[in-house]
Amino acid sequence: MTSSPERIVGTSPVKQRRSGRGGMSRNAGSDVKAAYLFIAPAIIGFLVFVGYPLVRSFYLALTKYNGLTDPVFIGLGNFRRLFTTDPAFWPALKATAYLVVLYVPLSLVLGLALAMFLNQRFAGVRVVRTLAYLPVVLPAVATITLWKFILDPQVGLLNTILDRLGLPTSLWLQSPNTSMPSVVLVMLWGVGGTMIIFLAALQSVPTELYEAARVDGAGSWAVFFRITLPMISPIVLLQVILQTTAALQTFNQPKILTNGGPGFSTNVLMLSIYGNGFPTLGRIPQLGYASAQVWVLFIIIIAVIALTAKFSSLWTYSDNTSD
Amino acid sequence: MKRTMGVAALACAGLLVATACSSGSDSGGSSSGPVTVTVMTWESAETNVAIKKALADFKDDNVKVQLLDTPSGQYGDKLASLTQAKKLPDLFWCGNDTEQQYTSQGLLVDWADKIKNGDGDFKSDNFVPSAMENWKTADGQMGGLPSLMNTYGVWYNADAFTAAGLTLPKAGWTWDEMYADAAKLANKNGVKYGLVADNLTSGDGPFTMSMYSVSAGGAPFTDNVNHPTKAEADDKYQEGVTKLVAAIKNGSVAPPGYDAANVQSLFAAGKVPMTFGGQWLAAGFQTDKPKIKYGFAPFPQVQTPTTLYDSVGICTPQYTKDQDATFKVLQYINTKVWDAVLPASPVAPPAYTPAQTSYFDALTKAQQPTVADTVKADLSAEKTVGVRFTTQWAQQVGDLTTANYQPILSGKKPVSDLPAYIDKINGLIKQGG
């Protein structure tokens, strides 16, 4: 949004520095004011909805605060409890990590596979693309609730079908061993969101590269690994960051499907934060403690993104040749 | 122009005065008019209609009653928000735990003197004694009054019992009989588990297990759910846990993690032959009319009848405008409103005993004799145990239970690990969270 000095004052930089006290004309000053006015809503929004909550939550993380009485400063007490005595914290971290490890690679592989399939020309491809993307625009709570019924081990649709086919059934959401994979299964229902970005990336790969590869006699696998994947690697990086961030903040699926159970098997960090900050009726909120958890999650997300970005140059393609 | 400005200024001033008069007085009213007492419930829309109709009959020239039209969902979140904003209505539905916690924080009006030295029949003597005792804080305050009692027992599918050649559960049956019945009912006719007992396997499980030990002459899980000084798992308690572990292991009882959200529908559909539950399910069954023949039995026992204690009530924030007016409405709800509401929807017996007649009459009319008998037996039970801690650190106990107690029930940890779990809870009790 910045303008060059020439454009502002209509003269050379040297002349500009010599003219006036601030080096800018009266018009320039009014332009700057206008610029600040234009970005003011964004700045105010950021300060009110991000800046202040960030600072406030850090302060609350250092207090014992239940929302009913004034916060009491306890220093690092909440963090000490988190890392040493809370029986739910480490399982929450473990569940979150398990979800990320399961969901992120699967969503990338499935999203890319679906995008490659839908990047072909065949009759009805547009309809199939729409159908693949449809779960993303459907109301999440409604679809997740539907999945809960489908996965019910006793009267659910999935077990009924498996049973009719003579295949083994499962406890799905009600067993600590299968609950997280079941949650991930439901999350993958929305893989159309990943697919659509990959599809855009695939369509931007120059067709000449494919033609040249075919002329050189490259097979499908070679084309995929030596042309397609390197060319879309910046988008893959973007997807890794987006999906990892989303996975670390997963809330809807475990909240509706399992409420964190059985045991702590699906009690991901976001759910644990919610449970402490907004407990069930009759329990007192632990807002200070939940704020401490929020900061742990915040630091984890920053660290994961920073590491991903740092090592991305090892596997992402960039065209460094000068034009 | 000047005149127009003057009129506009006057209009603005008038608006400001009007706004100032009305601001922050949702429950107030002007000095000359009647006081408005606001009421918020967690009831369904249908029950709220009945309550509203009954409240319309409240006659007092100086008091106006307003039932707030709020959806019943997410009541806990709503309560927390209103509490933080200091906008709680004059009378709001609350659990025993909320009453204890809020009173200890000085947030509620103490009705102890008023109910002890009140006029007429509306006195503590006329309430269920265990409810009055449990609604008192350690220093004798009462931040609210119990309104409805929750009693618990075992709902059973009489058709399934008959088909399996089993005797129907009734007062005096034993824990061993219950587990034996569950084993015979499991894995038959689309049924997976013979017994779904969320109260035994969820976060409240350790407290429910107290019924076994107390009935056998042993010690409860904790000496007091409101002001505990210790938790313990004596030999009798461990015996009860061992039997439950065995029943879960052989597949007759649903394990921890079983989603009990739909158990009422599954029971009505004949897919769950026995389930622990509260008396309030009767109201739902009366509406939905399950196709199975069902009954409600008291909890099993070892030697002495023992049951769970729980009640809900109505609380008042410290900043209520007129305590006398609020108490009048509170009295009216406890003495009159249930008479109008319970016949259509017999959810629970009132804690104010003279008002219980309408509840039992409704059950009799609905031909639910086993429910009436079991509720009566529960209310008069000599030994009761609390359903959960009501302390501020109760949530931490829930996490300890998930981490230590439930794995014992699932067979992932040995029963001999119980003392370690108890030690951790005693640590919490000692440091007060």
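Biologist: Which residues in α5(A) meet which residues in α9(A)?

Modeller: This is a predicted model, in which local features need pLDDT of at least 70, side-chain atom pairs count only at pLDDT 80 or more, and totals for chains, interfaces and linings use all residues. Residues are numbered from 1 along each chain as its sequence is written, while chains are lettered from A and ligands numbered from 1 in the order in which they are written. Helices are DSSP runs (H or I, at least four residues) numbered from the N terminus, and two residues are in contact if their C-beta atoms, placed from the backbone, lie within 7 Å. Here A:Ala95, A:Tyr98, A:Leu99, A:Leu102, A:Tyr103, A:Leu106, A:Ser107 and A:Leu110 of α5(A) meet A:Met180, A:Pro181, A:Val184, A:Met187 and A:Leu188 of α9(A). By class, this contact has 12 nonpolar, 1 polar and no charged residues, where Ala, Val, Leu, Ile, Met, Phe, Trp, Tyr, Cys and Pro count as nonpolar, Asp, Glu, Lys and Arg as charged, and the others, Gly among them, as polar.

Biologist: At what angle do helix α5 and helix α9 of chain A pack, and how far apart are their axes?

Modeller: Two packed helices are described by the angle between their axes and the distance between the axes. Helix α5 (residues 89-118) and helix α9 (residues 179-188) of chain A pack at about 40°, with axes 10 Å apart; the axes are lines fitted to C-alpha atoms over the stretch in contact, and angles run from 0 to 180 degrees between N-to-C directions.

Biologist: How many residues of chain A are in contact with chain B?

Modeller: In chain A, 24 residues are in contact with 29 residues of chain B, and the chain A side divides into 13 nonpolar, 9 polar and 2 charged.

Methods:
Helix = DSSP H or I, 4+ residues; strand = E, 2+ residues; numbered from the N terminus.
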